[in-house]
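My entries follow the order in which I looked.

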Amino acid sequence: MQQIRDKRPVALVTGASRGIGRGIAEELSAGGWSLVINYCGNEKAAEESAAACQVRAIHEGQRFIIVQADISRAVDRERLVETAWTQAGGIDALVNNAGIAPKQRADILEASETSFNEIINTNLGGPYFLTQLVARRMIADARKGQSIVFITSVSAETASINRGDYCLSKAGLAMAVKLWATRLAAEDIGVYEVRPGIMATDMTSAVKEKYDALIAEGLVPQKRWGTAADVGRAVRSLLEGDW
Ligand code: NAP
């Protein structure tokens, strides 16, 4: 099999079927990248994302490979990485984007351990151990311009008492970025954090009216919701600097 990575840089974006992940995938496609598009359960959305990437592609050689994997599960992470290396010839960039909010926001006096474990396993354990697998392969490959991006959140430092599990997962992830940046510096692998604020995606659709009002009152300086394309452009500029 001819490896697409010899022709175009390849990025693996987790949770690239919807929201911010799709925005990142589309922007990278517009920058000439091939993509491994990961999703968890929404295959149709992943196919739509791949089609949207294809529309924005600028080179004939760009390819878009869809891989189902639940990043909170070790066996799925292994399969995702194995597929990226066998089908795409490896990756030049990993974008750890996939994440979940609590199913129900609940005061920390009431919130359940079940929700805590699910959020921590997905938002912190998933990207932390996926990065471990990818970093080992990147070190073995020793290619120039390899990088890893983590999408954390303003919740890494802002206390929200009705979603403590989410805040803890993102604060932990911000430390994971520092750990991986320190460990991989000597390997010449760039490690970056992008920390979005309030973004218009499925994740925030349930609280749209509340934040519409807060944004109108000046909660954020831009006085508008952030978009997936905003984050996509930020990630693209980081990765193009390395590639
Ligand atoms: P979203 O619209 O709910 O999309 C979530 C994406 O993650 C989907 O592609 C989903 O796949 C995937 N996903 C969920 N669980 C997964 C798992 N276990 N394994 C693999 N993929 C999984 O969320 P979003 O708003 O774009 O958020 C993306 C990231 O940005 C998250 O890490 C979130 O914490 C962070 N963030 C969001 C905001 C915001 O305001 N929205 C602000 C700051 C940071 P399926 O389509 O298959 O379900």
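**Around the ligand**

I looked up the shell of the ligand and found 32 residues around it, the closest being S17, G41, N97, Y166 and T201; a residue is near if one of its heavy atoms lies within 4 Å. I noted that this is a predicted model, where local features need pLDDT of at least 70 and side-chain atom pairs count only at pLDDT 80 or more, while totals for chains, interfaces and linings use all residues. Residues are numbered from 1 along each chain as its sequence is written, and side-chain values use heavy atoms, with hydrogens and water left out.

By class, I read 14 nonpolar, 14 polar and 4 charged residues in the shell, with Asp, Glu, Lys and Arg as charged, Ala, Val, Leu, Ile, Met, Phe, Trp, Tyr, Cys and Pro as nonpolar, and the others, Gly among them, as polar.

Next I looked up distances to oxygen atoms of the ligand: a polar side-chain atom of T201 lies 2.5 Å from one, a side-chain N or O atom of S17 is 2.7 Å from one, and a side-chain N or O atom of K170 is 2.9 Å from one. I then read that the ligand taken alone exposes 910 Å², of which the protein buries 93% (accessible areas by the Shrake-Rupley method with a 1.4 Å probe).

Conventions
Polar contact = N/O pair within 3.5 Å; in protein donor to acceptor, adjacent residues only side chain to side chain.
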